[in-house]
Amino acid sequence: MKNVHILSEILKNHLIQFPFVQKISSLINHTTGLNGQNSEALQSTFNDYNSVTDVKGCSILELGPGHTYQLMELALQKGATRAVIADIIKYLDDQIIEKTGIDYIIYDGGTIPLDARTFDLIWSHTVYEHLRYPKVTVDETFRLLRPGGVALHHIDLRDHLVLDENNPDTFNNLQYSQELFKKMTWNRSIYVNRLRMSEWVRLHEQAGFKVEILKTWESPAVQKKYRKKAIAYLQKYSETDAITSQIFIKATKPLQS
């Protein structure tokens, strides 16, 4: 059965490259990003970011918001001086964005076409786990921030087919080699780069950031099995890396940079 599953995922990854399959998939998967109609979720997420760094007077960049532009609308309402969205796919209609005062940029996932030292604050919400080239993006955020600027990222470390901390298979994707997992998911929205918490910290520190983990979520179900050595593919990780399912990370660019 495992081999059948692998072959099925590889086939899906291949087929999604065809435009007619993409169209069908987009009809099934209606939105990406936060639900813009859920005002409670939007306000809660905005409060998480604003409580760390007040947006008033800030120039802000949000990475990969998908269909959700309302967080940046809130930022402008609360006194942000500039709001920019950067994404790799155009999800938002120009007419909607023109009314908001938000700048909307589509780029290729590599160099972000904006000037260095432009922003006081950079946000992302459950985006970084999908990055195909995470080091490139982390380095880009360092380049784009002014000295003293802050990057805030909520990163979901789970298998995106098993988004459940109470399920001991929530890190199921880690059982595959990186090469095989790419063959199964590289072209699909469920692709995750599988970096663990310590690896995200290290990437940011290597870029020059001072890093704080503001909040973590853990899986008790995984922890129980990890301590019994019942999930073989997790044993190469420290317990913290093995059981941490989500993180809220703050990366500050030093004033002397």
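A word on exposure before we start: buried means under 20% relative accessible area, exposed means over 50%, and partly exposed is what lies in between, with a 1.4 Å probe and protein chains only. The model is predicted, so bear in mind that local features need pLDDT of at least 70 and side-chain atom pairs count only at pLDDT 80 or more, while totals for chains, interfaces and linings use all residues. Residues are numbered from 1 along each chain as its sequence is written, and side-chain values use heavy atoms, with hydrogens and water left out.

**Stop 1**

Select Arg117, in the loop between β3 (103-106) and β4. The names of such elements come from DSSP runs, numbered from the N terminus: helices are H or I with at least four residues, strands are E with at least two. Arg117 is partly exposed, its relative accessible area being 45%. Its phi is near 55 degrees, a positive value in a residue other than glycine. Most residues other than glycine have a negative phi.

Next, select Lys229, in the loop between α9 and α10 (239-243). Lys229 also has a phi near 55 degrees, which is positive in a residue other than glycine. With a relative accessible area of 64%, Lys229 is exposed.

**Stop 2: a buried loop residue**

Now pick Ser219, which sits in the loop between β6 (210-218) and α9 (220-227). Is Ser219 buried or exposed? Ser219 has a relative accessible area of 0%, so it is buried. Show its contacts (heavy atoms within 4.5 Å). Leaving aside neighbours within four places in sequence, Ser219 touches Glu165, Asn167, Thr170 and Ile243.

**Stop 3: helices α3 and α4**

Select residues 39-50 for α3 and 70-77 for α4; these helices pack at an angle of about 60 degrees, with their axes 10 Å apart. The axes are lines fitted to C-alpha atoms, for helices over the stretch in contact, and the angles run from 0 to 180 degrees between N-to-C directions. α3 and α4 are therefore oblique to each other; angles under 35 degrees count as roughly parallel, over 145 as roughly antiparallel, 65 to 115 as roughly perpendicular and the rest as oblique.

Which residues make the contact? From α3 come Leu42, Gln43, Thr45 and Phe46, and from α4 come Gln70, Leu71, Leu74 and Ala75. They divide into five nonpolar, three polar and no charged. Here Ala, Val, Leu, Ile, Met, Phe, Trp, Tyr, Cys and Pro count as nonpolar, Asp, Glu, Lys and Arg as charged, and the others, Gly among them, as polar.

**Stop 4: an aromatic cluster**

Phe46, Tyr49, Trp123 and Phe248 form one aromatic cluster. The structure holds eight aromatic pairs, where rings of Phe, Tyr and Trp (its six-membered ring) pair if their centres lie within 6.5 Å, with planes under 30 degrees apart counted as stacked, over 60 as edge-to-face and the rest as tilted.

The rings of Phe46 and Trp123 have centres 6.1 Å apart and planes at 80 degrees, so this pair is edge-to-face. Phe46 is in helix α3 and Trp123 in strand β4 (residues 119-125), so the pair ties together parts 77 residues apart in sequence. Phe46 is buried at 1% relative accessibility, and Trp123 is buried with a relative accessible area of 1%.

The rings of Tyr49 and Phe248 have their centres 5.4 Å apart and their planes at 85 degrees, so this pair is edge-to-face. It links Tyr49 in helix α3 with Phe248 in strand β7 (residues 244-252), 199 residues apart. Both Tyr49 and Phe248 are buried.

Stay on Phe248 and display its surroundings. Not counting residues up to four places away in sequence, its contacts include Asp48, Val52, Leu152, Glu212 and Trp217.

**Stop 5: helices α6 and α8**

Finally, select residues 134-144 for α6 and 197-207 for α8, which pack at an angle of about 45 degrees with axes 9 Å apart. Pro134, Lys135, Val138, Asp139 and Phe142 of α6 meet Trp200, Leu203, His204 and Ala207 of α8. This contact divides into six nonpolar, one polar and two charged residues. Among the buried residues of α6 are Thr137, Glu140 and Leu144, and the cover over the buried residues of α6 includes β1 (59-63), β4, β5 (145-156) and α8.
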